[in-house]
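The sequence and the structure come next.

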Amino acid sequence: MSNPSVIYEGASQFELGTLDGKVINYNFDKILLYLQVKGKLMFGKNFKIYNEDHQLILKLSSYFIQDREFALKFGIDIDKGLLLSGPVGCGKTTMMMLLPHLVPHKRKYNIVPARNIVFGFNAIGYKMIEDYCDAKDYCFDDLGVENIGTHFGKDCNVLGEILISRYDLFKEKGVKTHCTTNLNAEEIQERYGERVRSRMRELFNLVGFEASSVDKRL
């Protein structure tokens, strides 16, 4: 059996862990090194991993490599999706784009800006909501920045409706949904209502950057 934790980037080889039978023992220092290299390839030479984010990256990495026992130590359920929160520019979207590369053999999710979904709803209506009620995994990026949708004069909280439908898919088929957001729990409830927030508790692991995280885009 080949070792899925051995990743090739061009002529370079990165061995993120050792294979023991059917179990991979990952090494976090090697994961950080790989993420630093992959991040520069994806986002440019100025990309860097900040020391203050190491604990969060360790937590997220345990989720992506599906280390159930280690993830539980952080209160992470690997069968749920991720709701990654934090201030503007702290690196939420970057992490959700980067971390799946730790497990190139695993199923990927599509990252879709929440505001683009609402733009689509305004143009084609409820079919846009139906399009995201399938068995694919998605990451809805920047949840909460989108406007209320309007189609033929009727308003709709588009992402709220999609999240309720995605909750049903999760309960019935285990389909995962991920989100990034700048909102805190109270703002989510104000934006989407208690009905959606209560489902989000079951749908997501709540993981966040520190409120003091710097804007890494500056």
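## Helices H7 and H9

In this predicted model, helix H7 and helix H9 cross in a left-handed sense. From H7, the contact takes in Gly160, Leu163, Ile164, Arg166, Tyr167, Phe170 and Lys171. From H9, the residues involved are Arg195, Val196, Arg199, Met200, Glu202 and Leu203. By class, this contact between H7 and H9 holds seven nonpolar residues, one polar residue and five charged residues.

H7 covers residues 158–173 and H9 covers residues 194–203. Their axes come within 10 Å and cross at roughly 40°. Angles of 65 to 115 degrees count as roughly perpendicular and those under 35 as roughly parallel; H7 and H9 are therefore oblique to each other.

## Helices H5 and H7

H7 also packs against helix H5, which spans residues 114–124. The angle here is about 105°, and the axes are 9 Å apart. H5 is therefore roughly perpendicular to H7.

On the H5 side, Ala114, Ile117, Val118 and Phe121 take part, and they meet Val158, Leu159 and Ile162 of H7. The residues of this contact of H5 with H7 comprise seven nonpolar, no polar and no charged.

## Helices H1 and H2

Another helix pair is formed by H1, residues 28–43, and H2, residues 54–64. Their axes lie 11 Å apart, and the helices pack at an angle of about 100°. H1 and H2 are therefore roughly perpendicular to each other.

H1 contributes Phe28, Ile31, Leu32 and Leu35 to the contact, while His54, Ile57, Leu58 and Ser61 come from H2. Sorted by class, the residues of the contact of H1 with H2 are six nonpolar and two polar, with no charged residue.

## The ends of helix H8

Helix H8 runs over residues 185–192, and Asn184 caps its N-terminal end. A side-chain oxygen of Asn184 lies 3.2 Å from the backbone nitrogen of Glu186.

After H8 comes Gly193. The phi of Gly193 is positive, near 90°.

## Overall fold and dimensions

The protein contains nine helices and eleven strands. Its C-alpha trace spans about 55 × 40 × 35 Å along the principal axes.

How does the radius of gyration of the protein compare with that of a compact globule? For 218 residues, a compact globule would have a radius of gyration near 17 Å. The protein has 18 Å, so the value agrees with that expectation.

Key:
Residues numbered from 1 in each chain as written. Predicted model: local features only at pLDDT ≥ 70, side-chain atom pairs only at ≥ 80, totals over all residues. Heavy atoms only, no water. Axes fitted to C-alpha atoms, helices over the stretch in contact; angles between N-to-C directions. Helix = DSSP H or I, 4+ residues; strand = E, 2+ residues; numbered from the N terminus. Parallel < 35°, antiparallel > 145°, perpendicular 65-115°, else oblique. Left-handed = near helix turned anticlockwise from the far one by under 90°. Contact = heavy atoms within 4.5 Å. Nonpolar A, V, L, I, M, F, W, Y, C, P; charged D, E, K, R; others polar. Polar contact = N/O pair within 3.5 Å; in protein donor to acceptor, adjacent residues only side chain to side chain. Rg over C-alpha atoms; globule rule 2.2 N^0.38 Å.
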